[in-house]
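Visitor: I'd like to learn to read a fold feature by feature. Could you walk me through one?

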Amino acid sequence: MLKGTRIVVGISGGIAAYKSADLVSRLRKKSALIKVVMTKRAEEFITPLTFSSLSGNEVATDMFSCPKEREIQHISLAHWAEYIIIAPATANFIGKVASGIADDLLTTTVMASKAGVVIVPAMNTNMYNNPIVQRNIEDLSRHGYLFFGPAEGNLACGDKGTGRMEEPEAIVEYMEGLAGVKGDLENRTVLVTAGPTREALDPVRFLSNASSGRMGYSIAGTAARRGARVILISGPTNLEPPPSVEFVPVVSALDMYNEVMRRFPECDVAIKTAAVSDYRPASVSQHKIKKTGDGMSLALVRNPDILSELGKIKGGRILVGFAAESTNLLEYAREKINKKNLDLIVANDITRKGTGFDSDANEGYILDSAGATEELPRMSKMQMADIILDKVVSLLGKDSG
Ligand code: C5P
């Protein structure tokens with residue numbers, strides 16, 4: 001339902017700007033409230049008059065126009081918006097926001113806002129595939145900006161490939177999905193663990209693994225966007241914690257165990273994406289270990305299995321685990337659901353290239369305790385986060401019903 005939803009539509013300077021007239025008109029038909037912001041370049045493709053007629057509101061173009069009622073325009077637009085859609089979003093716009101450059105009304109509005117921002121790129125294929133543009137998209141995604149498209153097809157420049165702006169009808173459908181799920185985790189507390197753990201051997205060395213933390217951070221950010229209070233307990237990663245989550249940094253499996261046990265009672269849901277070390281060195285040397293002979297062996301002791309411990313005390317809480325395997329994926333995942341008393345488990349094959357551990361994409365299966373198995377085709381970790389949370393929401397619904 002978009003009725004009454006306050007949306008700022010930002011238009012940057014691409015030929016696809018003409019499609020945004022249709023977008024604004026379709027959003028209005030759904031009774032959304034629309035304010036349009038255009039960049040200077042966008043005005044060369046289509047006039048503000050078109051958008052003021054279609055949106056029913058004056059179009060904002062200039063940072064320094066003297067606003068009525070002495071309001072600061074980018075701040076008032078940023079506060080007013082529940083969502084900001086940038087369509088078309090050029091490589092220039094994406095690059096500016098990714099670099100923190102706010103030099104016009106559109107970039108300042110986006111950067112001053114806590115609204116959900118949906119970026120709908122449109123550009124030439126080579127430009128879209130340029131590693132710098134791709135890196136900017138990755139960076140923004142990591143900070144919670146959502147991307148929709150681009151689609152494949154004939155481009156205005158005569159090339160064929162990925163870069164077409166998504167059709168207005170599809171954008172409206174996407175927005176309806178987004179607004180529909182808004183708030184479905186309100187009044188719920190979700191605990192997420194993420195990243196690797198580090199098990200110290202001496203003051204400089206440790207045992208760890210290649211987990212990037214991206215799956216967990218995506219789930220934490222998405223759960224917060226869907227209204228949950230989120231506690232993110234994370235091992236060391238290179239990621240920025242998503243906005244508005246309670247961030248608890250930890251280092252070792254024992255630290256993670258202690259923090260999880262302390263916070264679990266206040267939670268409705270726990271999602272354990274962390275790649276926890278199963279073992280730690282039996283003792284930690286106070287000084288740097290010196291090389292002695294040709295070989296050396298390490299004595300290791302078991303770490304607590306945090307998830308199994310939660311399984312024993314979960315009560316009515318929803319418990320979600322992850323299973324990263326290189327063989328017998330589904331068989332091991334099913335075994336873990338039962339053994340650890342889980343409601344859901346997400347299983348990934350870590351031998352697949354381009355997905356899983358240190359990647360932005362993921363694929364695999366989601367299994368539930370009732371015996372159902374659903375395939376998750378290759379998708380971004382952000383998209384997968386929404387699918388996992390959809391399942392959690394439906395389990396919470398059953399619980400309270
Ligand atoms: O048994 P396995 O390590 O494959 O199970 C993976 C799941 O268990 C993940 O959800 C992981 O976060 C959790 N786990 C844990 N504590 C451990 C080992 C794994 O919570 N010591």
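Predicted model: local features only at pLDDT ≥ 70, side-chain atom pairs only at ≥ 80, totals over all residues.

Guide: Residues are numbered from 1 along each chain as its sequence is written, and side-chain values use heavy atoms, with hydrogens and water left out.

Visitor: Which strands does β16 pair with?

Guide: Strands here are DSSP runs of E, at least two residues long, and helices are runs of H or I of at least four, numbered from the N terminus. Two strands pair if DSSP finds at least two bridges between them. Here β16 (residues 318-325) runs parallel to β13 (residues 269-272) over 4 bridges, with Lys272 bridged to Gly321. β16 is also parallel to β17 (residues 344-349), over 6 bridges, and Glu325 stands opposite Asp349 there. From β16 the chain passes through helix α12 (residues 329-339) to β17 in a right-handed β-α-β crossover (with the strands pointing away from the viewer, the path from the first strand over the helix to the second runs clockwise).

Visitor: Is β16 mostly covered or mostly open?

Guide: Buried means under 20% relative accessible area, exposed over 50%, and partly exposed in between (1.4 Å probe, protein chains only). In β16, 7 of the 8 residues are buried, so the strand is mostly covered.

Visitor: Which residues have a positive phi without being glycine?

Guide: Most residues other than glycine have a negative phi, and most peptide bonds are trans. Asn328, in the loop between β16 and α12, has a phi of about 40 degrees; Asn341, in the loop between α12 and β17, has one of about 60 degrees. Asn328 counts as partly exposed because its relative accessibility is 38%, and so does Asn341, at 37%.

Visitor: And where are the cis peptide bonds?

Guide: One runs from Ala87 to Pro88, with omega near -5 degrees, and Pro88 is in strand β3 (residues 83-89). Another joins Gly149 and Pro150, with omega about 5 degrees; Pro150 lies in the loop between β5 (146-147) and β6 (151-154).

Visitor: Which residues form the nonpolar surface patch?

Guide: Patches take residues with over 30% relative accessible area and no salt bridge, joining like charges within 9 Å and nonpolar side chains (Val, Leu, Ile, Met, Phe, Trp, Tyr) within 5 Å. A salt bridge is a side-chain nitrogen of Lys or Arg within 4 Å of a carboxyl oxygen of Asp or Glu. Here the patch is Tyr279, Met296, Leu298 and Leu300, with about 400 Å² of accessible area together (Shrake-Rupley method, 1.4 Å probe; for residues, only the protein chains shown count as cover). Leu300, in strand β15 (residues 300-302), is partly exposed at 40%.
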